[in-house]
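Work through the exercises below with the model open. Try each task before reading its solution.

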Amino acid sequence: MNILFQMFYAVKRIIMNPKAILINLLTYAIIILILGSVFGSTYDIQRSLGKVTIAYANLDSGRYGAIFDAVLHSNDVTQLAELKPVKSLDDGKVLINKDKADAIIYISDNFSDDRDPPHVVNVYLSTEYGVPTLVVKNIVSSLTNLMNTSSVIYNITGQTEVDAMSSEPQKNNEQNVKEQSLTSSNSSLQATTAMGYYSIAMILMLLLYGQEYGIFMASEDYLGTLGNRMRLSAVKPYVQYIGKGLGLSLVTFSQGVILLLLTKYVYGVDWGNHIIVVLLTLFILSILVTLLGMMLVIITRSIEKAQSLSNFITLGGTFIVGGFVIVDFGSLAYLSPSYYAKTALFNVIYGNQVEQALINIGVMILICVGLVLVSLVASRRTVE
């Protein structure tokens, strides 16, 4: 009951100023509208800077499989594309869901079987539009053309070496290429839009600012005269910590849900078929950022220092996960508190990969446990 009372008290303290919350929500709604509208026409071009990324699975161990491998790694292809080998089609889809590949080229294990013509190259595209798609289609058209030529050379000389790629793809090669879009051929998968992308990015940024609530409450409990009185009170520290932490997380989570509903019904953003997983992701992130804010106060013992660090984490974390500009910072993105939440949301919304989303949610839960342990150790030192 004491925990419930602490939750109620924490929520009441925050919602006593609804004007600030409404202004905050309105601000983010306007930012989403602006970014989604401005970058709508150039969204896919931004993602296409540099080489396109092609995941490929060559399961054929026969002669045509060898020809395909030689052609794919020819200089003409590698100048346009970064190649990522995968063991299966599902592994390639995971890369696309994580926005780490623009297409998958799949060669089945019976590709070289002369008793099973035609020899079809399966191509799975992340989207049906944009510069990366055009580049991939040109590569595949030229790829099949050169494979036909290389096949003739192989039959004569037994060599699979590739010297150059023809710039004039033959139309009759198109029947040997089976294209599928991961965003249209399967109704459970959809293309990422600028409005959808920035809706996710800004909701995550809004939740990151939930650190402020944790900082505010923790400063009362651990700093100054009031903090000393709180420690001398009959209320057990863990009751305060759990109750206020959950209460503040609910406030942050509620704001995220309101913004989600606004983008869904006003901006027409599709949040996928697994809304429960989406909401669970937002809730766990809300807990994470609240615990992070409280930990910053407990460690620094200064509300000013904690707020400075919080602002840096929020802005820097949003930037390195591509919240403002679509850019890949590689492993550096792992440092952002919202990285795993963003990955989970994209997996479940645009890739229908519930299992992958749950894995990322699990990672966030482990981070929450780590924050609690660090806060516990730091709070004991503060008392001493």
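Buried means under 20% relative accessible area, exposed over 50%, and partly exposed in between, with a 1.4 Å probe and protein chains only. The model is predicted: local features need pLDDT of at least 70, side-chain atom pairs count only at pLDDT 80 or more, and totals for chains, interfaces and linings use all residues. Numbering starts from 1 along each chain as its sequence is written, and side-chain values use heavy atoms, without hydrogens and water.

**Exercise 1. Find the contacts of Ser-199 and of Leu-282.**

Step 1. Locate both. Ser-199 belongs to helix H8 (residues 194–208); Leu-282 belongs to helix H12.
Step 2. Check burial. Ser-199 has 0% relative accessibility, so it is buried. Leu-282 has a relative accessible area of 1% and is buried.
Step 3. List contacts (heavy atoms within 4.5 Å). Leaving aside neighbours within four places in sequence, Ser-199 contacts Ile-32, Thr-263, Val-269 and Trp-271. With residues up to four places away not counted, Leu-282 touches Ile-203, Leu-204, Leu-207, Phe-253, Leu-260 and Leu-345.

**Exercise 2. Describe how H9 and H12 cross.**

Step 1. Take the axes, lines fitted to C-alpha atoms over the stretch in contact; angles run from 0 to 180 degrees between N-to-C directions. Those of H9 (residues 211–222) and H12 (residues 275–300) come within 7 Å and cross at roughly 40°.
Step 2. Name the arrangement. H9 is therefore oblique to H12. Angles under 35 degrees count as roughly parallel, over 145 as roughly antiparallel, 65 to 115 as roughly perpendicular and the rest as oblique.

**Exercise 3. Where in the protein is confidence lowest, and where highest?**

Step 1. Start with the average. The protein has a mean pLDDT (the predictor's confidence in each residue, from 0 to 100) of 75, and 72% of the residues score at least 70.
Step 2. Strand E5 (residues 177–181) is lowest, at a mean of 43; H12 is highest, at 92.
Step 3. Over residues 160–190 the pLDDT is below 50. Where pLDDT is low, the predicted coordinates should not be read in detail.

Note on methods:
Helix = DSSP H or I, 4+ residues; strand = E, 2+ residues; numbered from the N terminus.
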